[in-house]
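Subject: Structure handover

Hello,

Here is the structure I promised to pass on. Please open it alongside this note, and read the findings below with the coordinates on screen.

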Amino acid sequence: MEIEVRKLMPEDAEAYVEFFDTTPHDDRDPNHTCYCVNWCSADHRTLTRPDRAERRAMALDYVRKGILQGYLALSGGKIIGWCNANTKSHCRNCAGLVFALPSLQKAVSAPEEKVKAIYCFMVAEEYHRQGVARKLLQAVCRDAKEEGFDYIEAYPQKDSSVQWMQFMGFDKLYENEGFRHCGDLEDMYIVRKYL
């Protein structure tokens, strides 16, 4: 199977939300479809909890405006995977940090450092264990180096049995791509790859 990986572009908005519409989350509850809107450069400090339709509309808007950034994995022109990768300093007020994982806000980098942060992976079930997440991660690493980032940071869960929290990627995935542990939070590691 040939996999193409490329950056999410504004013209991908419809295909992006369709991927989330049709790719079940771990708990398989369609109401929990996140569209990955919690991890972006939007300021969510005054956000109330949006329902699925509102999150979908937000995703369309965010992708079109470049607020939601990351990489798509495609096979035969169809999206089969997603990796949310943003400039860390741009996401200080996103819902994922403000509401869901405030402990992650403590993982502060020096203001002069340019950090690419990986917040999420999602791969269609029929493509699990085929190297899709690895290819997405390799593209993030390659581009971050070319774009002058100091390092890439990610936050895998310590307990890999907590299925619903594995959206941040597995510790072993990062280790295999040269990431090293540089800190601990309550439930997750902080891993970095210096460029």
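A salt bridge here is a side-chain nitrogen of Lys or Arg within 4 Å of a carboxyl oxygen of Asp or Glu. Keep that cut-off in mind for one of the pairs below. Please also note that this is a predicted model.

**Helix 1 against helix 2**

Start with the two helices. Helix 1 spans residues 13-22 and helix 2 spans residues 52-65. They pack at an angle of about 150 degrees. Their axes are 9 Å apart. The crossing of helix 1 over helix 2 is right-handed.

Which residues make the contact between helix 1 and helix 2? From helix 1 come Ala13, Glu14, Tyr16, Val17, Phe20 and Asp21. From helix 2 come Arg52, Arg56, Ala59, Leu60, Val63 and Arg64. By class, this contact has 7 nonpolar and 5 charged residues, and no polar ones.

**The buried side of helix 1**

Five names to select in helix 1: Ala13, Tyr16, Val17, Phe19 and Phe20 are buried. They cover an arc of only 150 degrees around the axis, so they sit on the same side of helix 1. What do the buried residues of helix 1 pack against? Helix 2 is one partner. The others are strand 2 (70-75), strand 3 (78-87) and strand 4 (115-123).

**Salt bridges**

How many salt bridges does a search of the whole structure find? The search returns 14. Three pairs are described here.

Take Asp21 and Arg52. Their side chains meet in a salt bridge at 3.9 Å, N to O. That pair counts because the limit is 4 Å. Asp21 lies in helix 1 and Arg52 in helix 2, so the pair ties together parts that are 31 residues apart in sequence. Both residues also belong to the helix 1 to helix 2 contact listed above. Asp21 is partly exposed, with a relative accessible area of 30%. Arg52 is partly exposed too, at 23%.

Next, Arg6 and Asp12. Their side chains form a salt bridge at 2.8 Å, N to O. Arg6 is partly exposed, at 28% relative accessibility. Asp12 is buried, at 8%. Glu4 joins this pair: Glu4, Arg6 and Asp12 are linked in a network of salt bridges.

Last, Asp143 and Arg142. The two side chains meet in a salt bridge at 3.2 Å, N to O. Asp143 is buried, with a relative accessible area of 11%. Arg142 is partly exposed, at 44%.

Tyr35 is not a glycine, yet it has a positive phi of about 60 degrees. Cys36, also not a glycine, has a positive phi of about 60 degrees.

Are these residues buried or exposed? Tyr35 counts as buried because its relative accessibility is 1%, and the cut-off for buried is under 20%. Cys36 is buried as well, with a relative accessible area of 1%.

**Where to look**

For a quick tour, begin at the helix 1 to helix 2 contact. Go on to the Asp21 and Arg52 salt bridge. Finish with the network of Glu4, Arg6 and Asp12.

Best wishes

Conventions
Residues numbered from 1 in each chain as written. Predicted model: local features only at pLDDT ≥ 70, side-chain atom pairs only at ≥ 80, totals over all residues. Heavy atoms only, no water. Axes fitted to C-alpha atoms, helices over the stretch in contact; angles between N-to-C directions. Helix = DSSP H or I, 4+ residues; strand = E, 2+ residues; numbered from the N terminus. Left-handed = near helix turned anticlockwise from the far one by under 90°. Contact = heavy atoms within 4.5 Å. Nonpolar A, V, L, I, M, F, W, Y, C, P; charged D, E, K, R; others polar. Buried < 20%, exposed > 50% of the residue type's maximum accessible area, 1.4 Å probe, protein only. Arc of directions from axis to C-beta.
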